[in-house]
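Here are my notes on the model. Please read them with the structure open.

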Amino acid sequence: MDDLGSSDGDSDCDNFEALSQTKDPCYRCEKRVYPVERVDIGVVFHRRCFRCRVCGIQLTLRSFHWDQENKPDVYCQAHITKLVGSIDKDCVGIKSALNAPKRGPNSNEQIRGSKYNPGWQYDANAMEFTHQRELAQRERKRTSLGTYKDYESTGIFEAQTELELKQKAEEDKLYEQFSHERQTLKKRLEEEFQKEQDKSAKEHLSSLTKSSPSKTKVKKLKEPDKTGEQYQQQRDERLKASLERLTSEERSRVAKMIQKHSEEMLLMIAEKLAANESSPETEETTPDTVVLSRPPPVAPPEFRRSALFKNPEEFSCIDDQVIEVAKQDYCSFTDLVKDLITSCQTDLEKVRSIFRWVTVKDLNKMEFEDSINPESPLGLLRGIKVGTESYHDLFKRLCSYAGIHCEVIQGYSKGAGYKPGMRIDNPKFKNSWTAVSIEGSWCFVNCNWGARHVKCPNSTDDDEMEGGLFYQCDEFYFITDPEDHIYQHFPNDPKWQLLECPITMTEFINLPIVKSPFFNYGLKFVNHYDCTQYTSNGIVIMQIKMPSLLGFGYTLEAKDTNVDQSKLEGRVLLRIVGHKAIFTIAPPKAGRFYFMIYAKDNWNSESLQSVCGFRIKCREKRDQIKSPFPKVPFFGPTPVMSQYGVFPQTHIDPLVVYSYDDVVFQFQLQSDVKLSPTYQYHGPFQSDITDYQRYIFIKYRDDKSVTYQVRCPQMGKYVFFIFGSKTTSNDDNAQLDCLFRYMIDCKHPAKDKRPLPRACHRWYYSTLLEPTIGDLETEKKVTFRVRNPVAIDVAMLVGDAWYHFKEVGDNMWEGAIYTGKQHCKAKLYAKLTKELTRFSPLAEFCIK
């Protein structure tokens, strides 16, 4: 356990940091740049650092300017330093200026100045002001293809209804072709199988007749049935494969049709809006028509998600409206989108409304009839039923009706069944997602992965009909930043990574598995971690930052299925240190292992969400592997600790290394709380000690703090728990809550291995000066000295004999005790008030 590390990192982490300062440093922050966040313009930047040095606007490879002459750095167009030559008073320009006429009635006061307008004021159209005004208006920019009022005033809804009818007729014709092709395929395969079956049966019976004529009659009755069963199975398999190929072709044809219909719808909307804005005299359309009807070029977005909105709660009004809309059935996309965008003012709000409708509608649980009338409400979703249309195709359709450019992107995803380090060019990992154009930039949206339906606790199936089922969506998949999106999705076309510098397939596979809850919880890796982590001295250490205290879980599985799972228990140590979760993994043997991390924000919930995963390669031999850790979920503070007002003051890191000397733990208290420490030994050696509670002692306790003394009598690992309960409870058996867990790794046992005294609940404001051990020898005279500022009288009970102490000044009580010949308990008592004659127990010793 020498290399467990601490909250400040370990030796491997220090070497990593040293390396990060020398390999591929960012020009701006001088920290290491990794492929996912790399922008290379001759010098390397983090994407987050690739900003104008003056105004801080996010730059792209198209918009940056490099200033080599003055201070080498990147700038936006407005703040790039202009090259100015040196001049003197004799140059032609200066002479002309000196001889220029004085200000006249037609002079520009903004430049020359006047008594009402000082000459230092700038023109409102100056480049700097225009640039800053664009930055300020970015958040207020209206939708590019109109709002609900624009659609209503320009007659777009009526035109959409007319165009939708034409497109639906074309769609109906296509689905009729699909139905005819499927029936033809089934009929053809049935005929082929029947011919093959008859031919095979005749050949088989003929061979049986030639080989054994006497048994022909018996086998004639059995063989045809057997042959029929075989052919039935083969027929089903071939029919299934043929239908799958046909469905794949149908999906492609439907996708082309949706693409065509979407382009037609967007063009119609753009032309209608442009015609409304054209001048009645010239009857010329605005040049924006071409731009609005054509999607913007594929390029990294000009802004991050946080620039569009800070919190999904900003869309609460839209979300509530969408949920009400989802309860209704619609017979046309026009009517549906009309209700969805009623209160939307921007592209972002439109996309949000459509996204929430698709994620609210549980399309997988809808029951469709075998024959769906295209004019019925469910006719809108018939493509979902037959498998020729996906969530993304439906989302693309709805976006086109709302005037939003949307593209369905094909590629690979690290979805269900994918394990860290696996090759991903496998058909089962093929996937698709969408990107929408918002304010001229492409942004990722994934309705399929974003759909979540959550059942209320303690609700029954009947409750679902009465609202027992409520809807949530995974917010990560609504406007996902490219740097986060690339952890899960790899498009076939590199430009759809929307990264300044796209990564390769090898680099994508080498990224760890990072799931949406990782980003939803605001987690971050302390260092860059590749998918595969290699052990050093038998362990791997990984650290994750968290904005608030979360509950974590983990699994460690061997790639070799022959490894006994019980041998992997206790091979992971989780420590919570401030805002960091530190995982120490110590595999039991050389080989490959899969390590998955889970998290939850509700500590009372038993369900955990997967956040990230890695592959661990252990290179050391068996004799170099560390011994197992105590089988405890985690070490460090629990959420209820802050509720009790208890905070550690001396040991923030729950991993404590013990060597010879006792460890002192101090906690700050902000409320009246009853604390109960627990001490356990977890091996690996056998021990004759039966009560480890005698090796912890409360050195001091008052209303604001408590101090514990902990001793390790032998080598091994110990777990030190702090439990608490509110003192307002009169029940001494009230359930205690765990507040903090420490793991003490004893390298060298205590020099003095004798147990400590046992402090009682009334051990308040008391300090034991001597003796400092818990076991006293018989027939000895022992001097006791204890400081207690609130005691009126102090006494000790040894067997049946009372010994009263003498106050010697400075709140010090002293007494000489004869231990006697018998083994018994010696208890220290104090009288704390004058009104009561009862003595309260303070501490307990053993006479042996």
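Are helix 10 and helix 11 roughly parallel or roughly antiparallel to each other?

1. This is a predicted model, where local features need pLDDT of at least 70, side-chain atom pairs count only at pLDDT 80 or more, and totals for chains, interfaces and linings use all residues. Residues are numbered from 1 along each chain as its sequence is written, and side-chain values use heavy atoms, with hydrogens and water left out.

2. Helix 10 covers residues 316–326 and helix 11 covers residues 333–340. (Helices are DSSP runs of H or I, at least four residues, numbered from the N terminus.) They pack at an angle of about 150°, with axes 10 Å apart. Axes are lines fitted to C-alpha atoms over the stretch in contact, and angles run from 0 to 180 degrees between N-to-C directions. The two helices are therefore roughly antiparallel, a label for angles over 145 degrees.

3. Q321, V322 and V325 of helix 10 meet L336, D339 and L340 of helix 11. Contact means heavy atoms within 4.5 Å. Four of these residues are nonpolar, one is polar and one is charged.

4. The largest nonpolar core has 55 residues. Such a core is a set of buried Ala, Val, Leu, Ile, Met, Phe, Trp, Tyr and Cys residues joined through side-chain atoms within 4.5 Å; buried means under 20% relative accessible area, with a 1.4 Å probe and protein chains only. W357, F395, L398, V436 and I479 touch the most other members. Helix 12 (residues 347–360) gives the most, with seven residues.

5. Apart from that core lies another, of 53 residues, including Y658 and F845. Buried residues make up 46% of the 848 in the protein.

Definitions and conventions: Parallel < 35°, antiparallel > 145°, perpendicular 65-115°, else oblique. Nonpolar A, V, L, I, M, F, W, Y, C, P; charged D, E, K, R; others polar. Buried < 20%, exposed > 50% of the residue type's maximum accessible area, 1.4 Å probe, protein only.
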